[in-house]
Amino acid sequence: MIPSLKAPGRRVLIGQIFQESHGFTPLKTQLPAFVIETGRALITANEHANSVLGGLIRTGRQENWTLIPSIAARASPGGRVTDYAYAFIKQHFMAVATQGGFDAIALCLHGCMQTESLDSAEADLLKSLRAVVGNTIPIVAGFDLHAHANGGMLAHLNFASAYKTNPHADAGQTGERVGIALNGIFDGGLQPAGCAASVPMLTGGNDETASGPLLKLHQMASARIAANPDLLDASIFNVNPFVDGKAAGQTALVYARTAEGLPAARELAKDLANGLWQARREFSHNLPTLESVLNSAAPGCVVVGDFGDRVLAGGPGDSVYVLAQARKLQPGKHVVAPVTDPEALRNCMAAGTGSTVQLKVGGSCTPHAESLSLTGTVKVTGTGNYRNRGAYMQGATLRIGPYAVLEGGGFILLITQEPLMSQDPGCFLDCGIDLGKADIIVAKSGYHFKISFGSYGVCICAATPGLTLYEPQAEHFRQARPLFPLDDFEFAAQVGDLPVFPAILNS
Ligand SMILES: [Zn+2]
């Protein structure tokens, strides 16, 4: 029996670092791309958010924790983060952590952030935090299921859990789950003992969790946990497939409530890992062509997921392929689309609101991407953030940065300086764009837009060209080999135990 550690008003250091790195885009993610909150603003800006951070804050309130904010830093998926930006963010975490005066650290992490120098920024951060607080202060974290979990971060944590849904609707619940586990550690009822098995493979697009092979694996995990009181939680990390991380691949992570449950946890981790491998050929999907999506569109609006240029998978967002095709194939339709194009934006800003401009837009970054010549009126220019309306990251604030709205015959373009997360209608609405007129809305997203744009029209993904189509190329992956589907090899799951950190808390 573990002695009770319960005491009222536990003090918990909280923070967030959230960026998913695409290893094969030429762009780097700079410090200004991050929305940053510190101090009291970290709490007020995130307390209602459907994010791990929001879930942690709400659980903390219920459990009467005193929340000690460090830093929350969120940026769109994109290129590797500059060393300077990461050093700035890390320094805030470390400054608060080295002051001490807390009983635990609870973090919201994407888990797949790489920097110019680091394979896993989260592994570096957690290692540094563990070095400061020692082994007796619990550190827990919630992750996106596309985290690079083999990058070394799990070894520093008392407990970790990933979203269980893709599209991600359960980020807040994941934060609550992590918070409840931390409370179990405080109470003395839990001393999580984890184990993990990695699978050297990438999924190929058929990796939503409401159907297909992942549904079966998540159901197996839930059933096993429900039937065995020794088991606490299972996560299936599907890894962002555009990261060449060390040993990057799938990870099955299972926690038992205490070390006594480890045999059952190991068995579940092994079965999940072998299940992923056995289903490896079922994970690729066949997306419809853009032509078929545009031509078969039912009456009303269609929201097209621009799969090859998904900012949500780290793409640059500079493709105008959907707009160009729509103008050719459906010339009478009204299209609303985002595009990353710093030069076109500069031209709009120089011309000013109300001016008519002739511009080349698109193709500013992606190799071989086409551009379009357009004439339109600059309706508005500005800089700012937007509020997520839909289920994915509902309530969270995301950065737009400098932007211009260009309107012409049959189109409204939201032109941004930086890649814009456009999975949510909020990005258009908060720039003053009326979506009511749209026949075709373009979202630079493959999954999450479906749970946020449903009230605007039918949401369909199309196979479009760009850096985020699932066409893994051998030359991109140097760190993680062998790797399915690039290599042919035999595989049998090996499960390794994670370090257990016995919490010793002040009463
Ligand atoms: Zn994800």
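Below is a short walk from the whole chain down to a few strands and helices.

What you're looking at is a predicted model. The protein chain has 11 helices and 18 strands. Its radius of gyration is 23 Å, close to the 23 Å that the globule rule gives for 507 residues, so the chain is as compact as a globular protein of that length.

**The chain as a whole**
- Along its principal axes, the C-alpha trace spans about 75 × 50 × 40 Å.
- Of the chain's 507 residues, 56% count as buried.
- Take the contacts with a separation of 6 or more: 77% of them come from residues 24 or more positions apart.

**A six-stranded sheet**
- Six strands make up an open sheet with mixed pairing, and the order to trace is β2-β3-β1-β4-β5-β6.
- At the edges you'll find β2 (35-38) and β6 (159-162); each has a single partner strand, so one side of each is left without a neighbour in the sheet.
- From one strand to the next, the twist averages 15 degrees.
- Inside that order, β1 (residues 11-18) and β4 (residues 104-109) pair in the parallel sense over six bridges.
- To spot that pairing, look for Ile-17, whose bridge partner in β4 is Leu-109.

**Two helices to find**
- Helix α3 (residues 83-99) lies across β1, β2 and β3 (66-74), and runs at about 170 degrees to β3.
- The axes of α3 and helix α4 (residues 121-133) come within 10 Å and cross at roughly 20 degrees. Angles under 35 degrees count as roughly parallel, so that's what α3 is to α4.
- The crossing of α3 past α4 is right-handed.
- Where do the two helices meet? On the α3 side the residues include Tyr-86, Phe-93 and Met-94, and on the α4 side they include Leu-125, Leu-129 and Val-132.

**A buried strand, β7**
- Seven of the seven residues of β7 (residues 193-199) are buried, so this strand is largely enclosed by the rest of the structure.
- In a regular strand, side chains alternate between the two faces of the sheet. In β7, Ala-193, Cys-195, Ala-197 and Val-199 point one way, while Gly-194, Ala-196 and Ser-198 point the other way.
- Which strands does β7 pair with? One of them is β9 (residues 250-256), in the antiparallel sense over seven bridges, and another is β18 (residues 495-497), antiparallel over three bridges.
- Ala-196 is a handy landmark here: it stands opposite Leu-253 in β9 and opposite Gly-496 in β18.

How values were computed:
Residues are numbered from 1 along each chain as its sequence is written. This is a predicted model: local features need pLDDT of at least 70, side-chain atom pairs count only at pLDDT 80 or more; totals for chains, interfaces and linings use all residues. Helices (H or I, at least four residues) and strands (E, at least two) are DSSP runs, numbered from the N terminus. The radius of gyration is taken over C-alpha atoms; the globule rule is 2.2 Å times the number of residues to the power 0.38. A residue is buried if 20 or more other C-beta atoms lie within 10 Å of its own, exposed if 12 or fewer, and partly exposed in between; C-beta atoms are placed from the backbone. Two residues are in contact if their C-beta atoms, placed from the backbone, lie within 7 Å. Two strands pair if DSSP finds at least two bridges between them. Axes are lines fitted to C-alpha atoms, for helices over the stretch in contact, and angles run from 0 to 180 degrees between N-to-C directions. Angles under 35 degrees count as roughly parallel, over 145 as roughly antiparallel, 65 to 115 as roughly perpendicular and the rest as oblique. A crossing is left-handed if the near helix is turned anticlockwise from the far one by less than a right angle, and right-handed if clockwise.
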